[in-house]
Amino acid sequence: MPESLLEVRDLSVVAGGTTVVEGVAFAVARGGSLGIVGESGSGKSLTCRSVLGILPPGCTNGPGTSIRFDGAELTGLDEPAWRPYRGARIGAVFQDPASYLNPSIPVGRQLAEVLRVRGGLGRRAARERAVTLLARTGLREPARVAGQYPHELSGGMAQRALIAIALALDPELLVADEATTALDVTVQAEVLDLLADLRERLGLALVLVSHDLAVVAQVCEEVLVLRDGAVVERGRAADVLRSPSHPYTRSLVESHERFGIERFREAVR
């Protein structure tokens with residue numbers, strides 16, 4: 001059985017005295033992929049932000065929560081202790097790249113700054129590496145893109161730039177929280193293909209969070225379905241798509257059938 005890189009046990013989240021996520025457990029092998037699916041308010045984003053140690057103000061993990069990365073317990077770490085993990089061995093990409101890119105600095109400089117401050121590269125080496133990373137994400141004319149400001153990029157280009165920043169320090173795990181939600185269908189498919197390609201080429205483990213089962217089915221081997229803060233179904237993507245056992249999962253599958261989920265069923269056989 002493959003070695004687990006990320007192992008989550010009995011994860012709970014408490015907000016204002018109310019438990020909003022409870023009993024979530026899963027494991028992701030090195031190079032493996034897990035999709036976490038659920039509608040808004042299901043607890044999927046709180047689960048992934050727990051893994052990253054960035055819960056919103058007023059939210060805390062319950063006392064029984066255990067989140068282990070490569071054998072190290074992450075639950076309860078302070079910010080200095082998180083530094084070797086978040087942004088280094090664990091990369092993250094979120095829904096709205098405009099919220100995470102500085103609008104007043106060209107994207108290449110932002111990427112180079114990560115490489116200098118966190119990666120220890122000199123200025124020239126960081127600039128060159130930034131262009132290489134932008135090219136890795138499939139951006140055309142990466143040297144030109146490096147000199148552009150975030151507002152000069154399309155949504156898909158900005159998301160690729162954010163993925164390049166997430167990959168800057170060669171993480172072992174990438175967490176993508178609704179990373180394709182704001183993109184149109186064509187660009188969404190391109191970014192999903194990119195994530196799948198990066199997994200294969202770099203050996204990345206991937207946790208992909210989405211409200212869209214079809215999105216998860218395209219990229220992930222395993223699926224976790226959340227509803228009202230609890231896991232209602234889990235299993236191989238192929239099995240969940242072909243034979244969902246929970247009524248909520250069946251409703252997700254049925255809602256996508258008219259949009260061509262059959263091709264995803266075929267893809268994950």
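Analyst: Happy to! In this predicted model, domain 1 and domain 2 bury about 1,200 Å² between them, and carbon and sulfur atoms give 62% of that area. On the domain 1 side, the residues that lose the most area to domain 2 are R83, A88 and L194, which together make up 32% of what that side buries.

To place this on the chain, domain 1 is built from two stretches, 1–89 and 173–268, while domain 2 covers 101–170. Their C-alpha centres lie 26 Å apart. The contact itself draws on 16 residues from domain 1 and 13 residues from domain 2.

Now for the polar side of the story. Between the two domains there is 1 salt bridge. The side chains of E190 and R160 meet in a salt bridge, with an N to O distance of 3.8 Å. Polar contacts across the interface of domain 1 and domain 2 come to 4 residue pairs, counting pairs with both residues at pLDDT 80 or more.

Which helix gives the largest share of the domain 1 side that touches domain 2? That is helix α7, residues 185–202, with 8 residues. By residue type, the domain 1 side that touches domain 2 divides into 11 nonpolar, 1 polar and 4 charged residues.

Putting the pieces side by side, you have 11 nonpolar residues on the domain 1 face, a buried area to which carbon and sulfur atoms give 62%, and a salt bridge between E190 and R160.

Conventions. Residues are numbered from 1 along each chain as its sequence is written. This is a predicted model: local features need pLDDT of at least 70, side-chain atom pairs count only at pLDDT 80 or more; totals for chains, interfaces and linings use all residues. Side-chain values use heavy atoms; hydrogens and water are left out. Domain bounds come from an automatic or database domain assignment. Contact means heavy atoms within 4.5 Å. Buried area is the accessible area (1.4 Å probe) that two parts lose on being put together, summed over both. A salt bridge is a side-chain nitrogen of Lys or Arg within 4 Å of a carboxyl oxygen of Asp or Glu. A polar contact is a pair of N or O atoms within 3.5 Å; within protein, one must be able to donate a hydrogen and the other to accept it, and residues adjacent in sequence count only if both atoms are side-chain atoms. Helices (H or I, at least four residues) and strands (E, at least two) are DSSP runs, numbered from the N terminus. Ala, Val, Leu, Ile, Met, Phe, Trp, Tyr, Cys and Pro count as nonpolar, Asp, Glu, Lys and Arg as charged, and the others, Gly among them, as polar.
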